[in-house]
Amino acid sequence: MKKIILAPDSFKGTMTSAEVCGELAAAIRGIYPQTEVVSLPVADGGEGSVDAFLAAVGGEKVPVDCTGPNGQRVAAGYGLLPDGTAVVEMAAAAGYSLANPKNPERTTTFGVGELLRHAVGRGAKRIVMCLGGSATNDGGCGAAAACGVRFYDARGAVFTPVGGTLKDIARIDVSELDRTLAVLPMITMCDIDNPLCGKAGAAAVFGPQKGADEAMVHRLDGGLAHLADVLERDCGAVVRDLPGAGAAGGMGAGMAAFFKSRLQMGIETVLDTVGFEEKLSGADIVFTGEGRLDDQSRRGKVAAGVARRAGARGVPVIAIVGDIGEGAETIYGLGVTAVFSINRVAVPYEQARLRSRRDLRATAEDVLRLCRSLEIQRKL
C-alpha cells in the first residue's frame, strides 16, 4: 500500500480520536513501514470536535473553570479559531465521563452555558456548538438558564430545570437572554438526527446509556414532551420532531429554541474543514471507527460520514470499533467494507477499557496482515 488515511472518532471515555490515530499509525508502521499515513482525528460533534477543528485550521484552546454535570467544578474549555469562531463541546462541561453518579434526571448543562458566555466575553463572532457524549437529559435548559433564560414553576419561583424537573416548567421567559448570544450566528453540530421525544427520542434511545432504567426513561420522555409544549407556547419554537432535537439529551432542541441555532450533521462539517475529499486522492484504504457501532451509527456518526465520502471515490473503508451492537450491519450499505471489534477477551467494560490501546493496535495489525497477505498472493 502507498497511502492509508486514518479518520476515526474517539472511543468515548477511553481514547481520544488523536490517540486512536496514534495506535493505528503504530500498527501500520509495523506492517507497512513505507506507507504514507495521513491522520485525521475527526469527530461528529461530540468529544474531540474542538481538537479536530484546531488541528485543521489552527487557533487556541481557551481554558474555563465551569459547572460540571453534577454541579461540581470542572476544568473545561473551548476552541477559538483564527476567524473568531468559538467551537464549544458540550461534553467538556456536561460529558458522560464527567458524571459521577450517572443520573440523567439530575445532571445539568449549566456549565455549557457558562462556556458560551465566556466565549462571548472573548469576542467570539460565531459559535459552533458540538453535541454528543452527554450525561444530561435537560433539553439544554441548564445552558439556557446560565445565559439568562428564566424558568418558572407553578408557584412562580425561578429554578434551573434538570431532566427530572422538566415537567415542573410552567413558564419560560427569554427576555433576559444574553443580548449578544441572542444575535450571534450559531451552528449546532449533531451526531444523530433523532427527534426530541417519543420512541426514537432522546430519553428512549439514549437514556439507558446514561443510567436510566425503564421507569426513568418514561419520566424523562414525558418531561421532554412537556418542554416541547412550553417551548412552542412561550417561545414559538416547534422542536418536537425537529431532526437532531434529541441530540445530547435534547440539547439540540434547546439550541434551536433558545439560541435560534441551525442544526446540522457534525461529521459533514468536520470533514469539509479538514479537507477530507482532497486527502482521499491516491488512498488505498481508509480506517475509521468509534467506541460503539450499532443501528444509530448510520444516523450521522463518524463511520457513516467517512464511508459515504470514501465509498463515492471507490476507496475501501475498514471500521475498527470498541463494541458492535444490534443493527451494525446497516453500515455496510453506506460504504463500509468490513467492521472489526477490538474486544479480544470477554471482560466487563471497566476492565476492557484498561487494555483498549493494545487491543486496538493488535486488531489493526491483524487486519493489515490480512491485507498484506492478499497483496502478496495477487503478485504471485
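Asp-359 is buried, at 6% relative accessible area; buried means under 20%, exposed over 50% and partly exposed in between, with a 1.4 Å probe and protein chains only. This is a predicted model, in which local features need pLDDT of at least 70 and side-chain atom pairs count only at pLDDT 80 or more, while totals for chains, interfaces and linings use all residues. Residues are numbered from 1 along each chain as its sequence is written, and side-chain values use heavy atoms, with hydrogens and water left out.

**Asp-359**

- Asp-359 lies in helix H14, residues 356-379. Helices (H or I, at least four residues) and strands (E, at least two) are DSSP runs, numbered from the N terminus.
- Beyond its neighbours within four places in sequence, Asp-359 is in contact with Ile-342 and Arg-344. Contact means heavy atoms within 4.5 Å.

**The second largest pocket**

- The volume of the second largest pocket is about 390 Å³.
- Its lining has 23 residues, and those closest to the pocket centre are Glu-47, Gly-48, Glu-89, Ala-91 and Ala-92.
- The search runs on a 1 Å grid over the protein atoms alone. A pocket is an open set of points with protein on both sides within 12 Å along at least five of seven lines, whereas a cavity is a set where a 1.4 Å probe fits but cannot get out. Lining residues have an atom within 4 Å of a point.
- Grid points are joined across faces, edges and corners, and the volume is the space filled by probe spheres set on the points.
- Helix H1 (17-31), helix H2 (49-57), strand E4 (73-80) and helix H3 (91-94) each supply at least two lining residues.
- E4 gives the most, with four residues.
- By type, the lining divides into nine nonpolar, eight polar and six charged residues. Ala, Val, Leu, Ile, Met, Phe, Trp, Tyr, Cys and Pro count as nonpolar, Asp, Glu, Lys and Arg as charged, and the others, Gly among them, as polar.
- Glu-89 is found in strand E5, residues 85-89. Glu-89 is buried, with a relative accessible area of 10%.

**Rings and charges**

- The structure holds one aromatic pair. The rings of Phe-151 and Phe-258 have centres 5.8 Å apart and planes at 85°, so the pair is edge-to-face.
- Rings of Phe, Tyr and Trp (its six-membered ring) pair if their centres lie within 6.5 Å; planes under 30 degrees apart count as stacked, over 60 as edge-to-face and the rest as tilted.
- Phe-151 lies in strand E7 (residues 150-152) and Phe-258 in helix H9 (residues 247-259), so the pair ties together parts that are 107 residues apart in sequence.
- Phe-151 is buried at 0% relative accessibility, and Phe-258 is buried at 4%.
- Lys-102 lies over the face of Tyr-96, 4.3 Å from the ring centre. A charge sits over a ring if NZ of Lys or CZ of Arg is within 6 Å of the ring centre and within 35 degrees of the ring normal.
- The charged end of Arg-171 sits over the ring of Tyr-152, at 4.0 Å from its centre.

- Helix H10 spans residues 266-273, and its buried residues include Gly-266, Ile-267, Thr-269, Val-270 and Leu-271.
- The buried residues of H10 pack against H2, strand E9 (186-190), strand E10 (262-265), helix H11 (276-279) and helix H12 (302-312).
- Leu-280 is in the loop between H11 and strand E11 (285-288), and counts as buried at 2% relative accessibility.
- Not counting residues up to four places away in sequence, Leu-280 touches Ile-5, Val-286, Arg-309, Ala-310, Arg-313 and Val-315.

**Backbone geometry**

- Most residues other than glycine have a negative phi, and most peptide bonds are trans.
- The peptide bond from Asn-100 to Pro-101 is cis, with omega near 10°. Pro-101 sits in the loop between H3 and helix H4 (110-121).
- Ala-248, not a glycine, has a positive phi of about 55°. Ala-248 is found in helix H9 and is buried, with a relative accessible area of 8%.
- Lys-260 also has a positive phi, near 55°. Lys-260 is in the loop between H9 and E10 and is exposed, at 56% relative accessible area.
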